[in-house]
Each structure stands twice: as C-alpha cells, then as structure tokens.
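Have a look at the chains and the DNA before going on.

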Protein chains: 2
Amino acid sequence: MVETPVTNRIAERKLRDKQSRRAQIISVARRIAELEGWPSVTVRRLSDEISYSQPVLYAHFGSREGILTAVATEGFQELGLAMEKARKRLKRGSTVQSVADAYLEFAASSPALYEAMFSLNLSVPFGDAATPSELRFAFSQILELFQERSSKPEVLSELFWASLHGIAELTRTKRLPPSRQKERVRALMELFNFQKRKQHRGQTLFAD
Amino acid sequence: MVETPVTNRIAERKLRDKQSRRAQIISVARRIAELEGWPSVTVRRLSDEISYSQPVLYAHFGSREGILTAVATEGFQELGLAMEKARKRLKRGSTVQSVADAYLEFAASSPALYEAMFSLNLSVPFGDAATPSELRFAFSQILELFQERSSKPEVLSELFWASLHGIAELTRTKRLPPSRQKERVRALMELFNFQKRKQHRGQTLFAD
DNA sequence: TCATTAATTATAGCATTGCTAGATTATTTG
DNA sequence: CAAATAATCTAGCAATGCTATAATTAATGA
C-alpha cells in the first residue's frame, strides 16, 4: 500500500511530538538533578512534571538509567562543543590553557550533568565500536591539541584528560578547596607546556 | 556505685563482641561490593550474611550510608599505608614514581573500595575540622613528596593527586584502555620530574 | 458518517529497598 | 528467683523501579 501525503504528515507530526516530549523529559531530569540531586529524579516525579503516566517514560527510554544516559550523552555533546569553541577562538594564552579552562568551567557550572557523565554508573560505551559520536567528538577536541606536538598524542591526550577530570571531580565532591583552583590550573599548564622547551636526550614522549 | 571486676570483664567482652561484629559487617560489605557491585550490598543481604536482623545493623551504623562510609574510611587507611610504604622503601626510581604506582595499584586491585572512597556520594568530610585522621594521613603521604621540592607543596600535591585520581577513575570506569596505562604513568612522571631540571626565570611553582 | 481497527495512555499493582515502632527474648542485677 | 535492663527480632511502612492489563483516543475504510 502506498502512503498518502496525509498519512505522511500525520506520521511526521507524531514524530515531532515524540521528539519534543523526549527532549522535555531530558530537560526536566536535568533541571531537577541540578537543583536537588539525582536521587530526586524519580520516574514518578518526572511523569508528574510532564503530565504523563509512568509507562510513557518507559516507552521512550526503557528504564530510568536510559533517561540518565540520554542526559549524559547530551552533556558530552555540549562539552565537546565548548572545547571546540575554546580551541578555535583562542584569544590569549595557549590553546591548551583555553581548552582546560573551558573543560573546568563546564564541570563547575553543571555539576549534576558532569556527575551523570562520569560518576553515575551508566553503561555508556567508551572506546569501542558502539561509542556514541558525541563522545568521540568530545575526546577528539583534546586529541587535536596534542596531534602535532607530540609523538604519542593519544597518551598525552589521555593524561591531560585524566588530569582535568581529576581536578573537576575532586573539586565537585569537595575534596579540593576551590580557593587554590587557579594555581592548580596554572601548575598544570606549566607541566603541559614543558614539552615546548624541554631539551631531552633519548626517547621521550614529547616531540621537539 | 563502684563497678566490680566482673562487671568490667562483662563490659569488655561486650565491647569486643560489638567491635568484631562491626568489623564483620564491614568485611562482608566489602566482599559483596567487590564481587557483585555496591547495589548488591543491601541491608537485608548483610543481615542475612551475619545472621542478625536488620535493626542490629542500624544500631551499629545508623544507616546504609554509614556502613559504606565505614568501608570508605578503611579504604583511606589502607591507601595511606600503601603510599607510606612505597615512599619509604623506594628501591629504584623516584619516590614520586613509587607512590604513583602504589596509588594506581591500590585503585586497580580494589575497584569497589576505591569507588566507595571517591565515587559514591557519601558525606565524608574533607579539608575541615571534622576530616577523619585516615584521610589526613593519606593525603599527607602525597604532600610529603613535594614538601621540599616545591615552593607550593599544596598546589603540586593536589594536582598530582588529581592526576592520579583521574587516571584511576577513568580506568576503573573503562574510559581509558588499560593497554596504554604504563605509558600514561611514564608521561606523568616526565611531567612531575621536570621540576628537577627545569631552568626557569621569574616566579614559578617549582623550586630550584 | 460511523463502526472497526490500531495506537496511545492510564490504572493499579508487584517486588524490592531503606528504615523503624513495638513485641520478645536473653542477660544482668539485687 | 524476680525485677530490671539490654539485646534482638517480627512485622510493617513508605518509596522506588517497573509492568500487565484495562481504558481511551486517534486513524482507517465502507
């Protein structure tokens, strides 16, 4: 049977409704999480806020974890974009500094979102074929920084990312005082700019 | 009323029983967590395993979170001891390297314990008057590394800790491939040993 | 237009969880 | 041994994630 234009338009409208409701759920979940923490993001609470019954949420995401995973994925998208922006405009200082600032600014301004991305135990695939494009894009922004400055870009990128993540996470969980944050980042920059100046003999991870 | 020797001995025995049961609870919780993950550590499950009813656990720890906090505290104690050992024996290589290895070895060999210490949202006080001695001790081991090698030991220590934590955490959550772990640590060492050789002018974080 | 089919949505309930009031048993004391 | 104290258990509450089934709404074709 050939679909009539009417059928098409109905299907399209339904798709739009579906997508907008999906977006709304993610948005509400994010807002509650930032204001009250993830434990307050219950399926009942969400269904109340969007004025639909619980099974509707399950039709969309399959599980509560599915909702959180969708939020986290959105977070990776935004983090990637923020880093790309920082890497490209680059007013003063190095690109490394610029990206580091963008990363930590992102983590500090959306702690619950960052928590969903890295601290909640969501099964988000990393480093394999099923890795979402948002994640690849985000990490590629870091990789780009060291692409032509090092003989082992992956290793340096991973280390840089790990350092940023450590700072962000220990700060988020109140393990590190925010007061010394600037100095910490400055120290990190000294370390990662070293490669430019270092005189080394023998094999090393850094390119000349 | 003056206590008789008998009363004393009874009280002592009761205290011993209490402490050993407390230790048993912590031990069982740890074992389950490492084998099956923290969600499997339910109060009912624990009460089954120690053959007591649930309220007994609440008499000991007040809440489920109290149990996890006790496990985490034990973890900080062990991590501190492991780093102290690494710092003192120091066979080959730098103390920094030795401590880094000990830290990452600890995190890798007890992932659930490390998760309790850093990833679960337990309200463990940090950096204030109420900070448990185990935490102070652990961090002091890192601080010791940079005490006389830097003009700002706190900043460097915090950055070093953050880097190690980032590596440990991203590895634990499968964000970083274990295959390049050695290279990552080697790169970290290059960065943090730089201070020894660097020729710098003007103020810097590193001492000569 | 209107009955029939297909889709969407809601109701109501299950099993599990952390936690606790009140009953019960064991232990200590006089 | 009886009373009092301490230790422990039973049974249940409220909240959670999730789902089978019923109800309702929308789309279809004569």
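## Two domains in chain A

Chain A splits into domain 1 (1–62) and domain 2 (68–198), with bounds that come from an automatic or database domain assignment. Taken over C-alpha atoms, the centres of domain 1 and domain 2 of chain A sit 30 Å apart. Where they touch, eight residues of domain 1 of chain A meet eight residues of domain 2 of chain A; two residues are in contact if their C-beta atoms, placed from the backbone, lie within 7 Å.

On the domain 1 side of that contact, helix α1 (residues 5–36) of chain A supplies the largest share, five residues. Helices here are DSSP runs (H or I, at least four residues), numbered from the N terminus. By class, the domain 1 side of chain A that touches domain 2 has five nonpolar, one polar and two charged residues. Ala, Val, Leu, Ile, Met, Phe, Trp, Tyr, Cys and Pro count as nonpolar, Asp, Glu, Lys and Arg as charged, and the others, Gly among them, as polar.

A word on the ground rules: this is a predicted model, where local features need pLDDT of at least 70, side-chain atom pairs count only at pLDDT 80 or more, and totals for chains, interfaces and linings use all residues. Residues are numbered from 1 along each chain as its sequence is written, while chains are lettered from A and ligands numbered from 1 in the order in which they are written.

## Where chain A meets chain B

The contact takes 31 residues from chain A and 31 residues from chain B. On the chain A side, the elements giving two or more residues are α8 (153–172) and α9 (181–197) of chain A. Of the chain A elements, α8(A) gives the most, with twelve residues. The chain A side holds 14 nonpolar, six polar and eleven charged residues.

## Around the DNA

There are 18 residues around DNA strand C, and A:Y52, A:S53, B:T42, B:S63 and B:R64 come nearest. A residue counts as near the strand if its C-beta atom, placed from the backbone, lies within 6 Å of it. The largest share of this surface, four residues, comes from α3(A). Its classes are eight nonpolar, six polar and four charged residues.

## A look at A:P153

A:P153 lies in helix α8 of chain A. Leaving aside its neighbours within four places in sequence, A:P153 is in contact with A:L143, A:F146 and A:Q147.
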